[in-house]
Structure formats: structure tokens, C-alpha cells
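Here are some notes to read beside the structure, written as a colleague might pass them on. Please keep the sequence and the model in view as you go through the points.

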Amino acid sequence: MSGFVRRATPTAHYQWRCDDCGARIVKGETYFRTSTGGGGTVWDWLDCLACGAMARDVWAWWGNDFGFEVFAEWVDAHLEDPRAIAWLQRIEASR
Ligand SMILES: [Zn+2]
């Protein structure tokens with residue numbers, strides 16, 4: 001069975017929620033959309049800019065799953081990283 005992964009950084013035409021941190025992605029904002037498909041099914045995974053900016057590193061660090069807890073763990077371990085700070089600020093702003 002063949003599958004595909006497609007990554008895009010579109011502009012939001014609707015308000016979404018980040019699938020990783022749960023922050024709002026507001027209309028007009030750029031976000032990351034990862035589409036994976038195979039066997040007639042397509043899954044879309046949405047990331048806000050803050051999560052998208054560090055997603056690759058989180059993946060390399062954790063190597064398994066994604067989700068709020070995984071991002072929070074990575075941020076805890078990388079508080080010197082400006083992307084971690086930006087992520088925390090985004091979570092705060094969206095609560
Ligand atoms: Zn996010």
C-alpha cells in the first residue's frame with residue numbers, strides 16, 4: 001500500500017485549533033498543515049507556527065508520537081531555546 005505525506009503552510013481561512021498545543025490559529029494566520037494519506041483516507045494534522053517551528057526537533061528528540069505532552073516535555077527540556085519561549089507565550093495567550 002502506498003501512502004503520501006504532504007506539507008503545506010497555508011493561510012487560515014477559518015479559525016482552527018492546533019492539533020498539538022490546542023492554541024487558536026486565527027483567520028489570516030499562517031499555519032502548518034501536514035496531510036498524510038493512503039488506502040483512500042487522508043488525515044490532516046494542523047500545527048500552529050510555534051509548534052511547527054520546533055516539530056522536527058521534537059520528533060527527532062522523542063521519535064515516536066506527537067501531542068501536547070510531548071511538546072510540553074520538549075519545551076521543559078529546552079527552555080533556553082527561543083522557540084520554547086515562543087511556544088509557552090502562545091499557550092498563555094490562547095487561554
Ligand atoms: Zn501549537
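**Notes on the predicted model**

1. The protein chain, seen here as a predicted model, has three helices and five strands.

2. The C-alpha atoms fill a box of roughly 40 × 30 × 15 Å along the principal axes. Of the 95 residues, 21% count as buried, and among contacts between residues at least 6 apart in sequence, 48% join residues at least 24 apart.

3. The packing of two helices deserves attention: helix H1, residues 49-62, and helix H2, residues 68-77, meet at an angle of about 85°, with their axes 10 Å apart. Angles of 65 to 115 degrees count as roughly perpendicular, and H1 and H2 are therefore described in that way. On the H1 side the contact is made by Cys51, Met54, Val58, Trp61 and Trp62, while H2 supplies Val70, Phe71 and Trp74. Sorted by type, the residues of this contact are eight nonpolar, no polar and no charged.

4. The largest nonpolar core has 16 residues, and those with the most contacts inside it are Cys18, Cys21, Cys48, Cys51, Met54, Phe71 and Trp87. The elements that give two or more residues to this core are H1, H2 and helix H3, residues 82-93, and H1 gives the most, with five residues.

5. Which residues is Trp87 in contact with, leaving aside its neighbours within four places in sequence? They are Cys21, Ala50, Cys51, Met54, Phe71 and Val75.

6. Asp20 is found in the loop between strand E2, residues 16-17, and strand E3, residues 24-25. Is Asp20 buried or exposed? A residue is buried if 20 or more other C-beta atoms lie within 10 Å of its own, and Asp20 counts as buried because it has 25 such neighbours inside 10 Å.

7. The surroundings of Asp20 can also be described residue by residue. Leaving aside neighbours within four places in sequence, Asp20 is in contact with Asp47, Cys51, Phe66, Gly67, Phe68 and Phe71. Asp20 and Ala72 are 52 residues apart in sequence, yet their C-alpha atoms are 9.7 Å apart in space.

Terms used:
Residues are numbered from 1 along each chain as its sequence is written. This is a predicted model: local features need pLDDT of at least 70, side-chain atom pairs count only at pLDDT 80 or more; totals for chains, interfaces and linings use all residues. Helices (H or I, at least four residues) and strands (E, at least two) are DSSP runs, numbered from the N terminus. A residue is buried if 20 or more other C-beta atoms lie within 10 Å of its own, exposed if 12 or fewer, and partly exposed in between; C-beta atoms are placed from the backbone. Two residues are in contact if their C-beta atoms, placed from the backbone, lie within 7 Å. Axes are lines fitted to C-alpha atoms, for helices over the stretch in contact, and angles run from 0 to 180 degrees between N-to-C directions. Angles under 35 degrees count as roughly parallel, over 145 as roughly antiparallel, 65 to 115 as roughly perpendicular and the rest as oblique. Ala, Val, Leu, Ile, Met, Phe, Trp, Tyr, Cys and Pro count as nonpolar, Asp, Glu, Lys and Arg as charged, and the others, Gly among them, as polar. A nonpolar core is a set of buried Ala, Val, Leu, Ile, Met, Phe, Trp, Tyr and Cys residues joined through C-beta atoms within 7 Å.
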